[in-house]
Amino acid sequence: MSSKEELLKRLSDGVVEMEEDDVAEAAQEYLDAGYLAFDGIMEGLVDGMNRASELYEAEEYFVTDVLLCSDAMYAGLDILRPHLPEVSGDDKVTGVIGVVEGDTHDIGKNLVKIMLETAGFNMIDLGRDVPLARFVETAKEENAAFVCLSTLMTTTMGGMETVIRLLDEAGIRDKVKVMIGGGPISQKYADKIGADGYSQNAVEAVKLAKRLLNI
Amino acid sequence: MAEIKDFQCTYDNSAGISGEVTKGLGLTFPDAYLHHETIAALSKALKEHDKAAFCELPFCHTVEAEAMGGIINYGNELAGPRAKEYICTAPEELLDLPGIDFSKGRIHEVLLACKALREEGEHVVMQVSGPFTILNVLIDAKHVFKGMRKKPELMKEVFWKLGDEILRFMEEAKQYGADLISYADSSGGLNILGPKMAEQVVEDFTYEFLKKAEALADDKTMILLCPKTTFALLGTGRARFRDMMLSGAMAYGEACIEMTGKAKLAGQMCIKNVGYQLENAVFKEVVLE
């Protein structure tokens with residue numbers, strides 16, 4: 001039988017190497033051996049995802065690679081998560097994320113979500129082509145600390161400014177940080193519409209969220 | 001081998017569809033996206049607003065996928081047609097999708113609009129999407145990327161199934177009079193695929209596909225490439241630029257019109273960058289190796 005360290009390494013390596021089936025198998029062996037699910041997630045799966053982020057930052061991995069790494073991570077999470085002790089999610093900071101109405105390009109958004117989840121945020125993913133008011137409603141319902149808006153199209157960029165206005169009208173703008181990103185978006189645009197921050201890629205998005213929320 | 005460079009999309013010279021453009025046309029949306037008369041009127045209004053040398057068709061990248069069974073949200077005057085929900089959950093299912101029937105549906109209306117605009121003396125750029133863009137409407141991109149890594153032969157088959165449909169669309173566009181046929185697949189750009197996968201796509205598909213597309217160019221038709229595609233070809237050594245002199249400095253779109261019949265493939269700039277000027281009067285033909 002493999003030791004805990006060996007299984008953790010298999011989980012981490014499986015994520016980095018995008019081997020979904022290997023990760024699922026290792027996660028099951030890990031549980032069967034009686035080790036703690038929490039350690040398997042943090043020291044195995046999340047460790048692997050962090051290594052994948054480093055490779056992405058070093059431009060050795062690309063968007064497609066990281067998406068496949070995350071699939072492997074989620075395959076392991078599906079097995080380990082049900083074995084976590086019941087804890088309230090109160091200690092996790094919640095963020096709402098989505099692609100604004102009119103746009104369906106969601107690869108970048110998915111990547112940012114994965115990176116933020118790996119960094120320990122509780123992310124509520126509204127998907128793509130999201131009606132603008134839903135960002136505000138969800139932020140209110142979930143008591144979110146931040147909202148992440150993404151778009152790849154110039155024609156839908158204006159929706160980001162609308163979300164900021166709607167947050168204001170709902171009286172929660174001062175409680176919710178707004179981060180924006182996507183192909184045509186820039187710091188200049190973020191400043192123009194009054195967003196709290198802009199990030200160029202998924203790794204920067206995590207740093208930005210932590211900075212804005214003083215984490 | 002040279003490295004593939006990326007081309008940053010800006011296309012901020014074209015205003016896109018807005019109230020300002022459609023005012024006074026009496027159009028209702030999304031109905032205007034569905035009929036050849038209104039498609040042609042909208043295309044002409046955009047051309048005039050942007051002061052472009054040509055009309056563009058269609059206004060979205062969903063007509064091919066819709067004609068293969070994709071589900072579309074037609075949108076409104078602010079945001080045009082886009083994908084609604086995916087119809088496939090595995091790459092294998094893509095192979096069973098029907099071929100395009102060009103005699104019906106929105107794709108037929110687009111072709112009729114092209115014919116009408118040409119009859120009015122307009123130059124028409126028919127914007128044809130590549131496989132990644134079409135797939136974006138049909139299936140979650142993660143299945144495509146996973147397929148490329150785990151089942152490359154299957155994905156090659158998928159690309160070619162779509163490639164054959166795209167070539168048929170190009171042929172139809174030509175028959176309906178389009179003088180400029182633009183090919184773009186920005187959803188499969190270097191920034192998303194990374195250099196290794198981008199090279200794989202050129203070798204498995206794009207190069208051979210464009211050889212076939214190039215054969216459609218003649219004295220009345222030119223094929224335009226998105227610069228992302230041009231750079232992928234240059235970076236893999238599958239193409240080179242050949243400089244050709246224009247009659248003078250002019251906008252890129254005007255240059256493409258002037259060089260139709262003399263050059264087969266263009267691709268030094270994005271055709272949506274309507275104000276881009278070739279100050280030195282040099283047109284760069286893309287020559288496939």
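Author: A residue counts as exposed when its relative accessible area is over 50%, and as buried when that area is under 20%. The model discussed here is predicted.

Reader: Is A:Glu59 buried or exposed?

Author: A:Glu59 lies in the loop between helix H3 (37-57) and helix H4 (63-80) of chain A. Phi of this residue is near 60 degrees, a positive value in a residue other than glycine. Most residues other than glycine have a negative phi. With a relative accessible area of 60%, A:Glu59 is exposed.

Reader: A:Met18 has a positive phi as well; is A:Met18 buried or exposed?

Author: A:Met18 is found in the loop between helix H1 (4-16) and helix H2 (20-32) of chain A. Its phi is near 65 degrees. The relative accessibility is 5%, so A:Met18 counts as buried.

Reader: Which strands stand at the edges of the open sheet in chain A?

Author: Five strands of chain A form this sheet, in the order E2-E1-E3-E4-E5, with parallel pairing. An edge strand has a single partner strand, so one side of it is left without a neighbour in the sheet. The strands in that position are E2 (122-125) and E5 (197-198) of chain A.

Reader: Which residue of E5(A) stands opposite A:Met179?

Author: Strand E4 (residues 177-181) of chain A runs parallel to E5(A), and two bridges join them. The residue opposite A:Met179 in E5(A) is A:Gly197.

Reader: What angle does the direction of helix H6 of chain A make with that of E1(A)?

Author: Helix H6 (residues 132-141) of chain A packs on the sheet, where it touches E1, E2 and E3 of chain A. Its direction and that of E1(A) make an angle of about 165 degrees.

Reader: What is the handedness of the β-α-β crossover from E1(A) to E2(A)?

Author: Four bridges join the parallel strands E1(A) and E2(A), and A:Thr94 stands opposite A:Asn122 in E2(A). The chain passes from E1(A) to E2(A) through H5(A), and this crossover is right-handed.

Reader: With which residues is A:Asn110 in contact, leaving aside its neighbours within four places in sequence?

Author: A:Asn110 lies in helix H5 of chain A and counts as buried at 16% relative accessibility. Its side chain makes a polar contact with the side chain of A:Lys109 at 2.7 Å. Leaving aside neighbours within four places in sequence, the residues in contact with A:Asn110 are A:Leu67 and A:Asp125.

Reader: How many residues of helix H6 of chain B are buried?

Author: Helix H6 (residues 131-138) of chain B is largely enclosed by the rest of the structure. Its buried residues include B:Phe132, B:Ile134 and B:Leu138.

Reader: How far apart in space are B:Thr89 and B:Asp140, C-alpha to C-alpha?

Author: B:Thr89 is found in the loop between strand E3 (82-83) and helix H4 (91-94) of chain B, and counts as exposed at 56% relative accessibility. Leaving aside neighbours within four places in sequence, B:Thr89 is in contact with B:Ile139 and B:His143. B:Thr89 and B:Asp140 are 51 residues apart in sequence, and their C-alpha separation in space is 7.3 Å.

Reader: Which backbone nitrogen does the side chain of B:Glu285 reach?

Author: B:Glu285 lies in strand E11 (residues 282-288) of chain B and is buried, with a relative accessible area of 5%. Its side chain makes a polar contact with the side chain of B:Arg242 at 2.7 Å. At 2.9 Å, the side chain of B:Glu285 also reaches the backbone nitrogen of B:Lys264.

Reader: What is omega for the cis peptide bond that joins B:Leu57 and B:Pro58?

Author: B:Pro58 is placed in the loop between strand E1 (55-57) and helix H3 (63-67) of chain B. Most peptide bonds are trans. The bond joining B:Leu57 and B:Pro58 is cis, and its omega is about -20 degrees.

Terms used: Residues are numbered from 1 along each chain as its sequence is written. Chains are lettered from A and ligands numbered from 1 in the order in which they are written. This is a predicted model: local features need pLDDT of at least 70, side-chain atom pairs count only at pLDDT 80 or more; totals for chains, interfaces and linings use all residues. Side-chain values use heavy atoms; hydrogens and water are left out. Two strands pair if DSSP finds at least two bridges between them. Contact means heavy atoms within 4.5 Å. Axes are lines fitted to C-alpha atoms, for helices over the stretch in contact, and angles run from 0 to 180 degrees between N-to-C directions. A crossover is right-handed if, with the strands pointing away from the viewer, the path from the first strand over the helix to the second runs clockwise. Buried means under 20% relative accessible area, exposed over 50%, partly exposed in between (1.4 Å probe, protein chains only). A polar contact is a pair of N or O atoms within 3.5 Å; within protein, one must be able to donate a hydrogen and the other to accept it, and residues adjacent in sequence count only if both atoms are side-chain atoms.
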